[in-house]
Amino acid sequence: MAGAAHCSLQVKRLLLDPKFEGYKLSLEPLACYQLGLDAAVAEVKLRDDQYTLDHMRAFGMYNYLHLDSWYQDNVYYVDQFGRVMNVSVTLDTALQKPREVFRLPTDLTAYDNRLCASIHFSSSTWVTLSDGTGRLFLIKSGKRGNSASEKWEIVFNEELGSPFIIAHSVSFVKSDTHSVAVLLLRVEKDELDTKGSGFHITLEWVTIAEISKEGDRRYEIFKRRVLQGKSVPHYAAIEPSGDGLMIVSYKPFKFVQDEDNKLEEENDDAKAANEKKDPLYYWQQTEDDVTVTVHIPQEIIKDDIKVRFSPDNICVTLKDQPPLMEGKLYSSVDHENCTWIIKDNKSLEISLIKKSEGPRWPELIIGDTRGEFIMDSSQCSEIAESLMHLTSEVMNPNPEKENPPCNAQELEECDAFLEDSASLCRFDGDTLKVTHVINLGSNQYLFSVVVDPREMPSFCLRHDVDALLWQPHSDQPENMWEHIATFNALGYVQASKQDKKFMACAPDYSYAALCECLRRVFIYRQPTPLSTVLYNRKEGRQVGQVAKQLVATLEANDPILGFQATSERLFVLTTKTLFLIKVNPGN
């Protein structure tokens, strides 16, 4: 990631609530409606050879319910007959009967190694669809959610290799040409990986463009690029302009180059390796003096060397060349007693006498990084001894001390998670290089949500106990990731839910929600003003607003397969039923 700008996420303090008192459990009933499905959802269970954590994350935890962010009262799923079914909310909570909008031409039952079918809504009139067998469909849908004008028409249909799921897609117009960029996710066998899981992750970035041939306008693949990594990305999205890509992942991704680019990359690596030369000089020091050793060519003789000392500067020149070493010394020296000699015709040894005895020099020449400091064993022992009081053989050597050291055993289980070194990277579509990188450290990834369908999906990260929502802005290099909302204490709360499967939030940030694998749904309404007067008994002050936790238990024994949130409703999909939970009243 050399050359990438290392950035950080800037938290907006005004969006934080340091006085948040927690969620109050509310017993108010939630209106819950259910709709039986004509046919079961086309769930694809993991095979015996899909045994890794990456397979579970990519395919085992797949969200089979697809929310159309352009028309938020519409959700879609694929049933076991290969039909893409639409369910829309017409009145406040009235669910229409599932309506078939498209049928996959593939006989899915004939494929043993297929994945789940996946859908992504690229724009208000374009849809990308995969049947799970390795075939990609580009569909012109017309205005969706309206049975009169909605007609799904295939404009591109091609086999693209091994099975994949669609991670993201965007539709854009550039130079008067309409294009759709799609991100395809695969978990593939890696024969070279003998120590790891034996699999690697590929993200294929495919751009399909409208071209005109002999008066015939059609869509063809314009460009294919492949990234490879060792962990399933938490978040992967293409910029609205199609110029870049953003990935949040535990392990880094990099583009797999073709032969020409490989050669160019090898030359760059060789150039970088040549730049990493041995140090120009080595230096040691005692309390009284500093010794500098410089390697010189064999043909150099004593008369070719000029060393000039002054109280604060040094200059070393070989023959008529530019100065080999020149600059201001870290501290003053007794320049009249400084000397130099040639040792074994190989090196020049310079002895500098310190004017002030005692203090160690952190560098020889101020700002010069071409040298290397060599510490002798006695100095190492002295430093180790001076730091000994900071270490101990036992966990807490002095339990009576007022401020005992931190004990890792005091951390709660929900404060620990494995992937503590995830990073957020932005890749440029032309150079295929990382332009921006953020080390997320302990900011655990939680979920993503589409706030504005014209923008990239937002992603939610844990910051201490809170969950902060970040909106990428690819067109604003100085403010590429904006903090747009905070879900108080959600980072801590979700960590205690061991059986959670999906998380989501309302696009207007009014609530966040999570569901378990079976039945239970937890809703966390953010603080809202009270209609009645309420006082805090302990502090005797009036409470202006309260955050509520609500719990819904679904009347179903089937596992939850899909979970989506809008500003007013939650949609929950099981194998044979779609549930609608009314969370907020309509405007």
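Mentor: Start with a rule: a salt bridge is a side-chain nitrogen of Lys or Arg within 4 Å of a carboxyl oxygen of Asp or Glu. Arginine 135 and glutamate 159 meet this way, at 3.6 Å from N to O. Their pair links distant parts of the chain, 24 residues apart: arginine 135 lies in strand β10 (residues 135-140) and glutamate 159 in strand β11 (residues 153-159). Strands (E, at least two residues) are DSSP runs, numbered from the N terminus.

Trainee: What should I know about the model and its numbering?

Mentor: This is a predicted model: local features need pLDDT of at least 70, side-chain atom pairs count only at pLDDT 80 or more, and totals for chains, interfaces and linings use all residues. Residues are numbered from 1 along each chain as its sequence is written, and side-chain values use heavy atoms, with hydrogens and water left out.

Trainee: How many salt bridges does the rule give?

Mentor: The count is 24. One of them joins arginine 370 to aspartate 368, with the closest N and O atoms 3.1 Å apart. Elsewhere, shared partners join Asp73, Glu568, Arg569 and Lys582 into one network.

Trainee: Which residues does histidine 463 touch?

Mentor: Contact means heavy atoms within 4.5 Å. Leaving out residues up to four places away in sequence, histidine 463 touches Val11, Asn443, Leu468 and Trp470. Histidine 463 sits in strand β30 (residues 458-463). At 15% relative accessible area, histidine 463 is buried.

Trainee: How many cavities of 30 Å³ or more are there?

Mentor: Picture a 1 Å grid over the protein atoms alone: a cavity is a set of points where a 1.4 Å probe fits but cannot get out, and lining residues have an atom within 4 Å of a point. Points are joined across faces, edges and corners, and the volume is the space filled by probe spheres set on them. The count is two.

Trainee: What lines the second largest cavity?

Mentor: Ala42, Tyr64, His66, Val78 and Ala117 do. About 40 Å³ of space lies inside this cavity.

Conventions
Helices (H or I, at least four residues) and strands (E, at least two) are DSSP runs, numbered from the N terminus. Buried means under 20% relative accessible area, exposed over 50%, partly exposed in between (1.4 Å probe, protein chains only). On a 1 Å grid over the protein atoms alone, a cavity is a set of points where a 1.4 Å probe fits but cannot get out, and a pocket is an open set with protein on both sides within 12 Å along at least five of seven lines; lining residues have an atom within 4 Å of a point.
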